[in-house]
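The following note sets out points for a colleague who has the model open. Please read each point beside the coordinates.

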Protein chains: 2
Amino acid sequence: MDPQDLLTDGAEESLSSSNHVDPYSLVARQLQRVEEKLADCTRSRESEITDIASHLIRGGGKRIRPVITLLTFEAFHGGREQDAVDIATAMELIHAATLLHDDIIDGAEFRRGKQSAYKRYGLTRTLVTGDFLFIKAFEFAGKFDETVVQWTADACTSLTEGEILQGSFNRNRTVTAEDYLHIVERKTASLFQTGAKLGAYIAGAPSEQVEMAASFGLNLGIAFQMMDDVLDVVGRRDLLGKSTGMDLRDGNPSLPIVLSLLDGHRTVSQVFQSQTPTENDIQRALDAMGNGTVIERARSFSRKYALKASREIERLPECMGRDGLRALVGLLTDRHS
Amino acid sequence: MDPQDLLTDGAEESLSSSNHVDPYSLVARQLQRVEEKLADCTRSRESEITDIASHLIRGGGKRIRPVITLLTFEAFHGGREQDAVDIATAMELIHAATLLHDDIIDGAEFRRGKQSAYKRYGLTRTLVTGDFLFIKAFEFAGKFDETVVQWTADACTSLTEGEILQGSFNRNRTVTAEDYLHIVERKTASLFQTGAKLGAYIAGAPSEQVEMAASFGLNLGIAFQMMDDVLDVVGRRDLLGKSTGMDLRDGNPSLPIVLSLLDGHRTVSQVFQSQTPTENDIQRALDAMGNGTVIERARSFSRKYALKASREIERLPECMGRDGLRALVGLLTDRHS
C-alpha cells in the first residue's frame, strides 16, 4: 500500500452489494460460544477484576474482530470450529484490553455509551484489568503453535507502537497522510489483519491464501477506521453512544483532521493544536469539516480500502464464509454508528 | 502452607551456610545471554518504547528471577541451555512490565535509585511500554508447549490479582496475617514459583520434582518479600537505592506493619491509615517498628520460609545447580539491600 495514495483521489467504484447477507447471522452459533468464553475467562479470584471486565465486555461492542476470524475460518473451510472460537475470543480480549488502557490514556469519560471503566473504577483497577485481559488472550493463543503466539504478539506489539506513534502526533499539525496511515495500520488494522490471517492459518489454508486473508484484514481495518473518523465528525450521538468531536478533544489526528490540515484549513488547525479547546471551538471545527469536502473525500478513501479488501477475497471460490466477509466489508464501511 | 503460622513463632534453626558459593557466577554465561536477549527484544520501531524499556532494564536490578530459572534448570540437569535462557528472559520481562505498571499505580518517583520511568516519560508511554514488555514475555513462552504458556499466564494473572488484593488493603487496618500472605504469594512469590517450576519442567524433570521446584520458588519468594519489607523499615538508603518507609507512604501492608497492627500499636496504625502522612509521622512509625520486636519477628518469619525453600531441594542429589539454589536462598534472605 502506498501512503501517497491518500493524497490522490479516493475510490470511484462502489462495492458490489452483499446486503442480503447478514455476516453476523452466518456465525451466530460460534459467536455465542465466543460470548460464553469471554464470560468464563474473565472470572477472576478478585471480584473487582471480574466486575471491570464484565462492565466493558458485557457493555456492548460490535464483536467485529471475532466475526472476522470466524468468517475467515469459514471462507477457508476450517474444520475444528473450537479453534476458530478460541482465536476469535483472543482477538476480542486483546481489543478489550487496549480499550481499558486507551481510556486511561485519554482520560475518557464514556465508552460504549456508558461511564468508562476508568472513570467508574479508577486508574489502578482499570490498568490491572487491562493487563489481565491481555494475559487471557495469550492463554488462548498458547493452545496453538508458536506461529499463532508470535503473530498474536506481533499484533499486540503493533498496537502499542501505534499508541506511541499517535501520541507523538497528538495536537501536532505536522502530521502527514503517511503518518496517519502508519498510525491506523498499527492501532486498528493490525488486529483486523491478524484476526483474518489467523482465521485462514488455523483453517489450514496455504501460505499465499493466509497472506491474502491478512491483506483483506489490513485493508478492511483501514477502511473501518477511516469511517470511524468520519463518524466522529458527522455521526449521530444517539447512534454512536458517544459525543462527536472526540478526536479534536483528545488531539488525535483523524483522517478529516489530517485532510483539513493538508488543505491549510485555519480553524481546524487552530482547534486541533489547542491544548484546551472549548466546546464552541470544537463545534466550529466540526462545522467547518462537515461543510467542506473533507468528509466526502474521507468516505471515498474508506471505500477505496474497502474495495481493496473485497478484491482480496474475490478470488476465493463462492462460499458462505466469502459472502459473509464481503457483506462485512459493506456493513463496516457504509455505516452510521 | 498455613497462614496461621505467621502468628506463631518464626524459625529458630538457621540456614546451613552455602556462603562459599556465588549463585550468580554459576550461571554467569547464561545470564549474559539473558542480558543480550533483553536488549534485543526490547528494541521497538518506536524509539520511545526502546528508551523506556532500556531505562528500566539497563538501570540495574538483581535479575533474581532469571537466576532462579537458570539454577533450577541446572539442578534438574536440563540439556538445551537456550531453553532456560528463553524462559529466564520471559520471567525478567514480566517482572519489568509489572514494575512499570506498579510505578504508575504508586505514582513512584524513584526506581532502582533513578527517576522512575513514570516520572521521566509520563503515564501514556510508561503504560504502553509495560504492555509491550508483557507481550515480549509471551513471545518467549510461546516457543514452548501449551503448558509453559499456561503457567506463564497463571503467574501473570496472580500478579494482577495480587495488585488488586493489595489495593483493597491499602491503608486498611483490618488486614490480617492471612491477607498479607495471600498478597505476597500473588504479587511476589508467584513469579518466583513459576520461574523455578518452569526451570524444572523444561529440564524434563518428572512432575513430582516440578512441584518440588514450584514449592521451593514459592517459599523463597515469600521469604524474599518478607526481607524486603524489613529493609523498608531498617535498610540503608544508600544500599537500597530508595528511601525507607515507602510502604507507609504508599499505604501498603508490609509484614512489620501487619505485625504492628496485630500488636495494637497505635502510632503505626495511625500513620498507616493516614491518607497524607507527614515525613515526621513516617519517621515516628519507622522508629517505633525499629525499636520494637516486629523487625526481629519479621526476620524470623523470613528465615522460616527460607528454610522451607531449602528443605525442598535438600532431597536433590548434590550438584552445582542445587548448591547455587541453596546459596541463593541465603543471599536473598540475609541481605542489606
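1. Helix H17(B). H17(B) is mostly covered, with 12 of its 14 residues buried; buried here denotes 20 or more other C-beta atoms within 10 Å of the residue's own, exposed denotes 12 or fewer, and partly exposed lies in between, with C-beta atoms placed from the backbone. Among the buried residues are B:Gly321, B:Arg322, B:Asp323, B:Leu328 and B:Thr333. Their cover includes helix H1 (23-26), helix H4 (64-75), helix H10 (207-234) and helix H16 (294-314) of chain B. Helices (H or I, at least four residues) and strands (E, at least two) are DSSP runs, numbered from the N terminus. H17 of chain B comprises residues 320-333, and the 20 Å between its end C-alpha atoms agrees with the 20 Å that its 14 residues should span at 1.5 Å a residue. That expected span is 1.5 Å times one less than the number of residues.

2. Basis of the model. This is a predicted model, in which local features need pLDDT of at least 70 and side-chain atom pairs count only at pLDDT 80 or more, while totals for chains, interfaces and linings use all residues. Residues are numbered from 1 along each chain as its sequence is written, and chains are lettered from A and ligands numbered from 1 in the order in which they are written. The mean pLDDT of chain A is 92, and 93% of its residues reach 70 or more; pLDDT is the predictor's confidence in each residue, from 0 to 100. For the complex, the predictor gives an ipTM of 0.91 and a pTM of 0.92.

3. Helix H10(B). The 28 residues of H10(B) should span 40 Å at 1.5 Å a residue, and the 41 Å between its end C-alpha atoms agrees. Because 21 of those 28 residues are buried, H10(B) is largely enclosed by the rest of the structure.

4. Overall form of chain A. Chain A has 17 helices and two strands. Its C-alpha atoms fill a box of roughly 55 × 50 × 35 Å along the principal axes. A compact globule of 337 residues would have a radius of gyration near 20 Å, and the 19 Å of chain A agrees; the radius is taken over C-alpha atoms, and the globule rule is 2.2 Å times the number of residues to the power 0.38. Buried residues make up 58% of the 337 residues in chain A. Of the contacts in chain A between residues at least 6 apart in sequence, 74% join residues at least 24 apart, a contact being two residues whose C-beta atoms, placed from the backbone, lie within 7 Å.

5. Relation of the two copies. Chain B superposes on chain A by a rotation of 180° with 0.0 Å of shift along the axis, at an RMSD of 0.0 Å. The copies are thus related as by a two-fold rotation axis. The superposition is by least squares on the C-alpha atoms of residues with pLDDT of at least 70 in both copies. Of the residues of chain B, B:Gly142 comes closest to the rotation axis, at 3.2 Å (C-alpha). The same surface serves both copies, as 100% of the contact residues of chain B recur in chain A.

6. The interface. In total, 32 residues of chain B are in contact with 32 residues of chain A. Helix H3 (47-57), helix H5 (81-106), helix H7 (123-141) and helix H8 (146-168) of chain B each supply at least two residues of the side that touches chain A. H8(B) gives the most, with 12 residues. The residues of this side of chain B divide into 14 nonpolar, eight polar and 10 charged. In this division Ala, Val, Leu, Ile, Met, Phe, Trp, Tyr, Cys and Pro count as nonpolar, Asp, Glu, Lys and Arg as charged, and the others, Gly among them, as polar.

7. Two buried residues. B:Asp131 lies in helix H7 of chain B and counts as buried, with 25 C-beta neighbours inside 10 Å. Leaving aside residues up to four places away in sequence, B:Asp131 touches A:His101, A:Phe134 and A:Thr160. A:Gly195 is placed in helix H9 (residues 177-202) of chain A and counts as buried, with 34 C-beta neighbours inside 10 Å. With the same exclusion of residues up to four places away, A:Gly195 touches A:Arg65, A:Ile68, A:Thr69, A:Met91 and A:Gly217.

8. Positive phi. Which loop holds A:Arg171? A:Arg171 is found in the loop between helix H8 (146-168) and H9 of chain A; although not a glycine, A:Arg171 has a positive phi of about 55°. A:Arg171 is partly exposed, with 16 other C-beta atoms within 10 Å. B:His77 lies in the loop between H4 and H5 of chain B, and its phi is near 60°, a positive value in a residue other than glycine. B:His77 is partly exposed, with 13 other C-beta atoms within 10 Å.
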